[in-house]
Amino acid sequence: LGTEAAAEAKAYHRSYGEVQVRRILGPDAPKPGTPQYEKALGEFAKVDFADPRAVAFFAAAMQQPDFWQHVRTYRVAALLSGPITHMVNIVGNTIMLGLGPTGAYVAGGADWASTLGGRTGARRAFMSQGTRELAAVGGALGTAIREAMTTGRTGISPHGIRDMGRVHGAPFQGITGPSKLALQVASGAPVVFRSLAAGDDFFRTLGEAMLLASESERYGRIKGIPAATILDNLVDYPEVYSRVARETERRVFQSQLTGILSLLEQMRGNPVVGILIPFLQTNANIFRSGIAEYTPAGLLAQGAKGLAGKSELQTAKALAAKEIQTVAELPGATAREIAQATEKARVGVTEAEINQAERRGRALIGTAVMTWAASKALGGELTGSGPADSAERKVLESQGWQRYSVKINGTWYDYKR
């Protein structure tokens, strides 16, 4: 290259590097003009972007957290390192993993039953998805263990890195989710501080494998092709992988927050707010799942929105019709353009139909569990603290009664332990 062309190329690559460094490091990027900034640009040129873990290590080395970020990070890490926290995390994630195939069986059965009741339209949930999920556990167990061990050893979580580009052939998009915390702790914190993240990665890897098997089965049935074909060619079915990503986040209580909660999550970037509210996303998602999904409230909410004409499916259908009409009315619109708009609209409607079927299944599970618990409580086989008077409580205990317990097949089980 000539001198001028070489200078232009150098300036272009530096400009590209500056953009990428700011995107990867976010608010912790060094300030332009500082030695740290020049070092970041130099190190950026050495990163192998085919390896997301290499990018994560680059980000860990280049971030410049301040004193308050260190305080917040180690406070959160200390809160997460207790044995009770670990046990609650393991139990909660195990329950959510079990609810996956259970929900698939219930949603598939309810979807099939609705067709017998006169519902028109294609099936969107299938009981065979539950079987696929269970079968996927064995194949993914080894990978889940290896990923968890790597996270515990290095502090770099493969799920804290946006690896979607490797699936879709798109450029690397940066790091997301809990990566900032994980990367700061990774710079030298004890392994015990990273053990909870390792456990989360274990369950997340299993959940993702189960969902890949489940969603490939669903879309294979919908499209009339083998599930294996979808799994082997995910790049041709982006709607499958995007749904897997969203559902994996939901199952591990990491779905993105919206509305007021989203604003509060942004405020946690303030050092003081971050220390006062160390956790928000997980707690908010647990509350949403417990109240809005796995209870009769889920069925009532769907019914109310349907009556008001504001359900997700009704909205998707209205939007689809509007999009198709808009394209069709464009001057010179070709049949190909109309067909593309129709296909895009169909994907949106199908997604809404799937969501409706899944919500129905989750609500039915919660309703069944609550009905069972209510019947046990009314029969005196699900107990709480009992009478405040110790004498009355001793009389009940002498008759075989036990507090904070549930009686199953004649045996009391203490659920407070």
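Predicted model: local features only at pLDDT ≥ 70, side-chain atom pairs only at ≥ 80, totals over all residues.

Trainee: How many helices and strands does the protein have, and what makes a run of residues count as one?

Mentor: There are 18 helices and two strands. Helices (H or I, at least four residues) and strands (E, at least two) are DSSP runs, numbered from the N terminus.

Trainee: Why is Arg362 called buried?

Mentor: Buried means under 20% relative accessible area, exposed means over 50%, and partly exposed is in between (1.4 Å probe, protein chains only). Arg362 has a relative accessible area of 8%, so it is buried. Arg362 is part of helix H17. Over the protein, buried residues make up 36% of the 417 residues.

Trainee: What does Arg362 touch, and what makes something a contact?

Mentor: Contact means heavy atoms within 4.5 Å. Leaving out residues up to four places away in sequence, Arg362 touches Glu247, Arg250, Glu293 and Tyr294. Among contacts in the protein between residues at least 6 apart in sequence, 67% join residues at least 24 apart.

Trainee: How do you know that the buried residues of H2 line one face of the helix?

Mentor: The buried residues of helix H2 (residues 35–44) are Tyr37, Ala40, Leu41 and Phe44. Seen down the axis of H2, they fall within an arc of 95°, so they line one face. The arc is that of the directions from the helix axis to the C-beta atoms. An α-helix has 3.6 residues a turn, so residues three or four places apart point the same way.

Trainee: What makes a group of residues a nonpolar core, and which residues form the largest one?

Mentor: A nonpolar core is a set of buried Ala, Val, Leu, Ile, Met, Phe, Trp, Tyr and Cys residues joined through side-chain atoms within 4.5 Å. The largest has 10 residues: Leu211, Leu212, Tyr219, Ile230, Leu234, Tyr237, Val240, Tyr241, Val244 and Ile354. H9 and H11 each supply at least two residues of this core. Val240, one of the core residues, touches Glu215, Ser216, Tyr219, Ile230 and Leu234, not counting residues up to four places away in sequence.

Trainee: Why is one space called a cavity and another a pocket?

Mentor: On a 1 Å grid over the protein atoms alone, a cavity is a set of points where a 1.4 Å probe fits but cannot get out, whereas a pocket is an open set with protein on both sides within 12 Å along at least five of seven lines. Lining residues have an atom within 4 Å of a point. Grid points are joined across faces, edges and corners, and a volume is the space filled by probe spheres set on the points.

Trainee: How many cavities does the search find, and what lines the largest?

Mentor: The search of the whole structure finds four cavities of 30 Å³ or more.

Trainee: What makes a lining residue nonpolar, polar or charged?

Mentor: Ala, Val, Leu, Ile, Met, Phe, Trp, Tyr, Cys and Pro count as nonpolar, Asp, Glu, Lys and Arg as charged, and the others, Gly among them, as polar. The lining of the largest cavity has five nonpolar, four polar and nine charged residues.

Trainee: What is the volume of the second largest pocket, and which residues lie nearest its centre?

Mentor: The second largest pocket has about 850 Å³ of space. Of its 28 lining residues, Glu293, Glu312, Asn355, Arg359 and Arg362 lie nearest the centre. H17 gives the largest share of the lining, six residues. By class, the lining divides into four nonpolar, 11 polar and 13 charged residues.

Trainee: Is Asn409 buried or exposed?

Mentor: Asn409 has 78% relative accessibility, so it counts as exposed. Its phi is near 55°, a positive value in a residue other than glycine.

Terms used. Residues numbered from 1 in each chain as written. Heavy atoms only, no water.
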